[in-house]
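Reader: I want to go through this model at the level of residues. Can you take my questions one at a time?

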Amino acid sequence: MRRAGRITAGARALAGSMVRPGVTTKEIDKAVHDYIVSQGAKPSFLHYAGYPASACISVNDVVIHGIPDGRVLREGDIVSVDVGACWGGFHGDCAATFACGSVSPEAERLIAVTRQSFFEGIRFARQGCRVSDISHAVQTYVEANGFSVVRSFVGHGVGEELHEAPEVPNFGAPGRGPRLIRGMTIAVEPMVNQGTYDVRVLKDKWTTVTVDGKLSAHYENTILITDGEPEILTVTEEN
Ligand code: MF3
Ligand code: CO
């Protein structure tokens, strides 16, 4: 899981370094694919439930599952990149939203609040806590900052399968759901909207957008529950 996590985080960092005006989302996807393969791993998303690429690249009002294509990134876009890699039979899964050139102050704040909501959530990713303690902490932080959490997609257990039990929502009352036990590996992934939390899926069956056309950001890591602090598995040597 650690090795899969490092490879996945490396792919995310590479994708982030490519986000700039003039680049297409397909170019980023190809780099992600080739990097994962070069590490002796497999892109977890490629062909998963028929998904046609190695990365999900979701621009502006696209919340998740944006399919890489010829779309050219422009100054001011916010670009969510979600990647997964399978090494030795185990998956890593992580995502982050990157600014393309300089973006509006409100877009910057959305990206920062989304990232911080993950860290607020994992304060409760400890043995003895329940899953929804994480959920509640994410929601409380996001809403205190004037944004909303997506309800219809959630985090999840991750291991020999990309998606395993338990579901890890980003909203809800605390003290519910399974108890966390050391050795569990879960993907905590707040998806945060600037306006309403409602989303809809386009006709391609993947691309998920905000119903109000406002911006959305995403931040995800695969983490390990331990005796003490959670260990973030989707990290690179540099961070
Ligand atoms: N990475 C997504 C998640 O965090 C899943 C991507 S769906 C896929 O759960 F089809 F692209 F794989
Ligand atoms: Co995930």
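This is a predicted model: local features need pLDDT of at least 70, side-chain atom pairs count only at pLDDT 80 or more; totals for chains, interfaces and linings use all residues.

Author: Residues are numbered from 1 along each chain as written, chains are lettered from A and ligands numbered from 1 in the order written, and side-chain values use heavy atoms, with hydrogens and water left out.

Reader: How do the residues of the shell around ligand 1 divide into nonpolar, polar and charged?

Author: A residue is near a molecule if one of its heavy atoms lies within 4 Å of it. The residues around ligand 1 include Phe 45, Tyr 48, His 65, His 156 and Trp 206. Ala, Val, Leu, Ile, Met, Phe, Trp, Tyr, Cys and Pro count as nonpolar, Asp, Glu, Lys and Arg as charged, and the others, Gly among them, as polar. The shell divides into five nonpolar, three polar and four charged.

Reader: How much of ligand 1 does the protein bury?

Author: Polar contacts here are pairs of N or O atoms within 3.5 Å. The side chain of Asp 82 comes 2.8 Å from a nitrogen atom of ligand 1, while Asp 93 lies 3.0 Å from an oxygen atom of the ligand and Glu 189 lies 2.8 Å from an oxygen atom of the ligand. Taken alone, ligand 1 exposes 330 Å² (Shrake-Rupley method, 1.4 Å probe). The protein buries 95% of that.

Reader: Which residue is the bridge partner of His 156 in β8?

Author: Strands are DSSP runs of E, at least two residues long, numbered from the N terminus. Two of them pair if DSSP finds at least two bridges between them. Strand β7 (residues 155-157) and strand β8 (residues 164-168) pair in the antiparallel sense over three bridges, and a hairpin of six residues joins them. Gly 157 stands opposite Glu 164, and the partner of His 156 is Glu 167.

Reader: Which residue in β13 is the bridge partner of Asn 193?

Author: An open sheet of three strands, antiparallel, has the order β6-β10-β13. Its edge strands are β6 (148-149) and β13 (216-218). Three bridges join β10 (residues 191-193) to β13. The partner of Asn 193 is Ser 216.

Reader: Is the peptide bond from Ala 165 to Pro 166 cis or trans?

Author: Most peptide bonds are trans. Pro 166 is in strand β8. With omega near -5 degrees, the bond from Ala 165 to Pro 166 is cis.

Reader: What is the phi of Asn 60?

Author: Asn 60 is in the loop between β2 (55-59) and β3 (62-64). Most residues other than glycine have a negative phi. Asn 60 is not a glycine, yet its phi is positive, at about 60 degrees.

Key: A polar contact is a pair of N or O atoms within 3.5 Å; within protein, one must be able to donate a hydrogen and the other to accept it, and residues adjacent in sequence count only if both atoms are side-chain atoms. Helices (H or I, at least four residues) and strands (E, at least two) are DSSP runs, numbered from the N terminus.
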